[in-house]
Amino acid sequence: MNVATRALRAKDPPGLRALADRVMSIVRAEVRLGRLLPLADTVLDLRIAESAAAKVLRQAADTVPGTRAATCRLAPAGEGTGVQVTMTLAAALDRPLPETVTQVRRSIIHAAGQALGMAVTTVDIMVADVLQPFTPPAPAGSGPTTGGGA
């Protein structure tokens, strides 16, 4: 091998390193976002990052009194535009648990359709923890009185 060939092999072609850096930054960004899930538009191929959709659906679950979403996973449901949701949450036991879970499921489906334009086919919910029921603070001066006085 002559000196010129060795020199060319040792040198990165111009722009190759920049191209590799751009490709890797796109790959890293996609990993952070999670998989891309279809939205319910059969004409346009619209997609949303799983992490963004999960955040919206966790917030929707949190709007139900006495619940706090823990995890939310989403997966495509077959070949169409449907999405399956699996959520774990903590719930207070001050009202029947099936009623609470039904209300959370409705909130998730509503948020998916209205806020995201996502067709949810199933919502699996697992209650993994118990919350203390919310007790509003007593108004000032309405508590028991202590000691003193004339």
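Which residues is Thr88 in contact with, leaving aside its neighbours within four places in sequence?

**Entry 1: ground rules.** I'm looking at a predicted model, where local features need pLDDT of at least 70, side-chain atom pairs count only at pLDDT 80 or more, and totals for chains, interfaces and linings use all residues. Residues are numbered from 1 along each chain as its sequence is written, and side-chain values use heavy atoms, with hydrogens and water left out.

**Entry 2: the whole chain.** I found 4 helices and 5 strands in the protein chain; these are DSSP runs numbered from the N terminus, helices being H or I with at least four residues and strands E with at least two. Along the sequence the pattern reads α-α-β-β-α-β-β-α-β. I also noted that 25% of the 150 residues are buried (under 20% relative accessible area, with a 1.4 Å probe and protein chains only).

**Entry 3: Thr88.** I located Thr88 in strand E4, residues 82–92. Thr88 has a relative accessible area of 15%, so I wrote it down as buried. Back to my opening question: Thr88 is in contact with Ala69, Ala70, Thr71, Met126 and Ala128, its neighbours within four places in sequence left aside. Contact here means heavy atoms within 4.5 Å. The side chains of Thr88 and Thr71 are also joined by a polar contact of 2.5 Å (a pair of N or O atoms within 3.5 Å; within protein, one must be able to donate a hydrogen and the other to accept it, and residues adjacent in sequence count only if both atoms are side-chain atoms).

**Entry 4: the sheet.** I traced an open sheet of 3 strands in the order E3-E4-E5, with mixed pairing; two strands pair if DSSP finds at least two bridges between them. Strand E3 (67–76) and strand E5 (119–131) are the edges, each pairing on one side only. E3 and E4 run antiparallel, joined by 9 bridges. Pro76 stands opposite Val83 in E4.

**Entry 5: helix H3.** I saw H3 lying across E3 and E4, at about 145° to E3; axes are lines fitted to C-alpha atoms, for helices over the stretch in contact, and angles run from 0 to 180 degrees between N-to-C directions. Which residues of H3 are buried? I listed Glu50, Ala53, Ala54, Leu57, Ala60 and Ala61. They cover an arc of only 120° around the axis, so they sit on the same side of H3; the arc is that of the directions from the helix axis to the C-beta atoms.

Technical notes: Buried < 20%, exposed > 50% of the residue type's maximum accessible area, 1.4 Å probe, protein only.
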